Amino acid sequence: MTEKIGLIGAGIMGQAIGARLLECGHDLAVFDIDDAKVAQLMEKGARAAGSPAQAAALSDFVILSLNHADIVNKAVFGADGIATSADASKLLIDMSSIDPAATAEMASRLKSQTGMAWVDCPLSGGMPGALTGKLTIMAGGEEADFERARSVMKDLSANYTLMGGSGAGQTTKLVNQLFCALAFQAVAEAVKLAEAGGVDPQRIPAALAGGRADGRIMQEFMAKFAARDFAPTGSLGNMLKDLDSIQAFALKTKTPLPITSAVTDLHRILIAMGLGPKDNAEAMRLLDGK
């Protein structure tokens, strides 16, 4: 079924989300502060929106794909924000990865001011998962809103799960990112260990398939790390953003995360090396002494 969808944010993930929605036949209105990014989706059939408010006015569902809670807040409540054209007939689907408490506060505010409901739907699976409709999406919100969003999420996800009330999806994404950050570091160190022992690390995934060390990150990324293939699939800067969110949440809840703290510090070193916009595989540079 064709839906009228507004997309706010046309970066790496927004491009993939938008492309997939257009491929599935949805009517898409796109806003981004970078006109060139909007133009890329217009070439695939999207319409340009002049503001978040206009994107919402043209749509029944509004998807956010943004980098930080402050940017989300501005897109929703700022001048020409979504709230200025929101009403109870529309649904906001936030696919950003942001703070759970900020999510719950903004969702409550939007509902009380406009009647528009909010479902937090952070994702795992990256650009490849979005383009093929195989994302894992962990949601937070009211069950009725979660089910309503399914008409859009079914074309983007292979696994769409309601985790609890508003913010629960974002908390689950923090758990996901904890696993991912630690696994990426483990892959980098495993590559170095294999190389030190004279073993081709690109053969490790096949050798360990089905064993307890097996996992998607090893299978998908170990050969990439071993080849020092730095083609972008996700950035170190975004990973540090998520690690910072995990650390802030852990501090607030007094949750000890000693290994996560060490990996966070390693990411800070990589950022200090100027590698923030670069791919996660660039973590190899630190272990390579480069």
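The structure described here is a predicted model, in which local features need pLDDT of at least 70 and side-chain atom pairs count only at pLDDT 80 or more, while totals for chains, interfaces and linings use all residues. Residues are numbered from 1 along each chain as its sequence is written, and side-chain values use heavy atoms, with hydrogens and water left out.

Helices (H or I, at least four residues) and strands (E, at least two) are DSSP runs, numbered from the N terminus. The axes, which are lines fitted to C-alpha atoms (for helices over the stretch in contact, with angles from 0 to 180 degrees between N-to-C directions), come within 10 Å for helix H8 (residues 168–196) and helix H12 (residues 258–272), crossing at roughly 65 degrees. H8 and H12 are therefore roughly perpendicular to each other. Their crossing is left-handed, meaning that the near helix is turned anticlockwise from the far one by less than a right angle, whereas clockwise would be right-handed. On the H8 side, the contact (heavy atoms within 4.5 Å) is made by Leu178, Ala181, Leu182 and Gln185, and on the H12 side by Ile259, Thr260, Val263 and Leu266. This contact of H8 with H12 has 6 nonpolar, 2 polar and no charged residues, where Ala, Val, Leu, Ile, Met, Phe, Trp, Tyr, Cys and Pro count as nonpolar, Asp, Glu, Lys and Arg as charged, and the others, Gly among them, as polar.

The second pair is helix H1 (residues 12–23) and helix H2 (residues 35–42), whose axes come within 10 Å and cross at roughly 25 degrees. H1 and H2 are therefore roughly parallel to each other, and the crossing is right-handed. Here Gly14, Gln15, Gly18, Ala19 and Leu22 of H1 meet Lys37, Gln40 and Leu41 of H2. By class, the contact of H1 with H2 comprises 3 nonpolar, 4 polar and 1 charged.

Charged pairs come next. Side chains of opposite charge can pair when their charged atoms come close. The structure holds 12 salt bridges, each a side-chain nitrogen of Lys or Arg within 4 Å of a carboxyl oxygen of Asp or Glu. In one of these, arginine 47 meets aspartate 27 at 2.8 Å, N to O. Arginine 47 lies in strand E3 (residues 47–48) and aspartate 27 in strand E2 (residues 27–31), so this pair ties together parts that are 20 residues apart in sequence. Burial is judged by relative accessible area (buried under 20%, exposed over 50%, partly exposed in between; 1.4 Å probe, protein chains only). Arginine 47 is partly exposed at 36%, and aspartate 27 is partly exposed at 28%.

Within helix H10 (residues 216–226), glutamate 220 and arginine 216 lie 4 residues apart, about one turn of the helix; the closest N and O atoms of their salt bridge are 3.0 Å apart. Glutamate 220 is partly exposed at 45%, and arginine 216 is exposed at 61%. Elsewhere, a network of salt bridges links Lys192, Glu195, Arg228 and Asp288.

Finally, isoleucine 63 lies in strand E4 (residues 61–64) and is buried, with 0% relative accessibility. Leaving aside residues up to four places away in sequence, isoleucine 63 touches Ile5, Gly6, Leu7, Ile8, Ile17, Leu21, Ile93, Met95 and Val152.

Note on methods:
Angles under 35 degrees count as roughly parallel, over 145 as roughly antiparallel, 65 to 115 as roughly perpendicular and the rest as oblique.
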